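Hi,

Here is the structure I promised to pass on.

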Amino acid sequence: MDIPEAIQKVAEVIANGLYKYAAALAAVGLVSMAIIQTVKDMLPTRRWFQDWRVRTWLRDQAAKAPPIPGGPPISQIAEDDLVTLATSGDRAALFDLPIEQVSGLMNAASQIVLDFPLDHRDLLLCLAAQARAGDLELLLTQGPSAAGPRATLGDQERVRFVDARNRVTHQVQRSLDGLQISVGFRWKWIIQMLSIVVSAALVWIGLAVFAGDRVGSNFHYFLLYLLAGLLGGFLAPVARDLVAALQQLRK
């Protein structure tokens, strides 16, 4: 056998072996994602996670709020106010949505907060925790209230108020963008880790059932579980995206 034929033979052996392993791992990834998706559909896991993350974020924001007259904000009041403004108090309806829609509703609620800051003091201070204390104090002392008349401002005062409101508005929007990115990243990371764990468990079950006594405490099989779990876990989101794309084409 000459050199080109030998190289071709090696390539064929590698390709055939890789095809079998790739097909097996793709099947493991598909099954693991199907299991995870079934659990997600049966249990409101995303709602629980997003509810917890937003509550934690508001509590952290309340701790970072600048000191202004009236005392620090209360995160629980801010949370209840947020849910009321976003979905008329329906917490489940809010946090059961994808994080992009949750952030969009929170952004819409923040516009009401900025329009009437006196009526939503705790939520304003939580959403704009990184804003300057002078800007927040100006909004709370000169801002309008839905329950009372608007303050009469001179030209210079009006310019200062508008500039402060614009700075606070940008800070609120960036804070909500950061929350959306953080929650979305952590949720995807959790799903990725679950995919790896479920894929490794499926490989272990398959080897335990069909490989028999050859599977035990052998270190080589441990490496196989780990490698198969990693590859299957990384292939699981690909399988999920393919299924989602097929569903969109069917619609």
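Of the 251 residues of the protein, 36% count as buried, where buried means under 20% relative accessible area, exposed means over 50%, and partly exposed is in between (1.4 Å probe, protein chains only). The accessible surface comes to about 15100 Å², and 64% of that belongs to carbon and sulfur atoms; these areas come from the Shrake-Rupley method with a 1.4 Å probe, and for residues only the protein chains shown count as cover.

Before you zoom in, a word on what you are looking at. This is a predicted model, so local features need pLDDT of at least 70, side-chain atom pairs count only at pLDDT 80 or more, and totals for chains, interfaces and linings use all residues. Residues are numbered from 1 along each chain as its sequence is written, and side-chain values use heavy atoms, with hydrogens and water left out.

On confidence: pLDDT is the predictor's confidence in each residue, from 0 to 100. Its mean for the protein is 80, and 70% of the residues reach 70 or more. Helix H2 (residues 45-64) comes out highest, at a mean of 93, while helix H9 (residues 219-250) is lowest, at 65. Where pLDDT is low, the predicted coordinates should not be read in detail.

Now the fold. There are 9 helices and 0 strands, taken as DSSP runs (helices are H or I, at least four residues; strands are E, at least two) and numbered from the N terminus. Among contacts with a separation of 6 or more, 75% are between residues 24 or more positions apart; contact here means heavy atoms within 4.5 Å.

What sits inside? The largest nonpolar core has 42 residues, and those touching the most other members are Val54, Trp57, Leu82, Met106, Leu124, Leu136 and Val168. Such a core is a set of buried Ala, Val, Leu, Ile, Met, Phe, Trp, Tyr and Cys residues joined through side-chain atoms within 4.5 Å. H8 gives the largest share of this core, 10 residues.

Phe49, Trp52 and Trp187 form one aromatic cluster. Rings of Phe, Tyr and Trp (its six-membered ring) pair if their centres lie within 6.5 Å; planes under 30 degrees apart count as stacked, over 60 as edge-to-face and the rest as tilted. The structure holds 2 aromatic pairs. In one of them, Phe49 and Trp52 are tilted, at 6.1 Å centre to centre with 50° between the planes. Both lie in helix H2, 3 residues apart, about one turn of the helix. Phe49 is buried, with a relative accessible area of 10%, whereas Trp52 is partly exposed at 44%. Phe49 also pairs with Trp187: the ring centres are 5.4 Å apart and the planes at 35°, so this pair is tilted. Since Phe49 lies in helix H2 and Trp187 in helix H8, the pair ties together parts that are 138 residues apart in sequence.

Two serines to finish. Ser182 is in helix H8 and is buried, with a relative accessible area of 17%. Its side chain makes a polar contact with the side chain of Arg186 (2.5 Å); a polar contact is a pair of N or O atoms within 3.5 Å, where within protein one must be able to donate a hydrogen and the other to accept it, and residues adjacent in sequence count only if both atoms are side-chain atoms. Ser88, in the loop between H3 and H4, is exposed at 69%. Ser88 has a positive phi of about 55° although it is not a glycine.

Cheers
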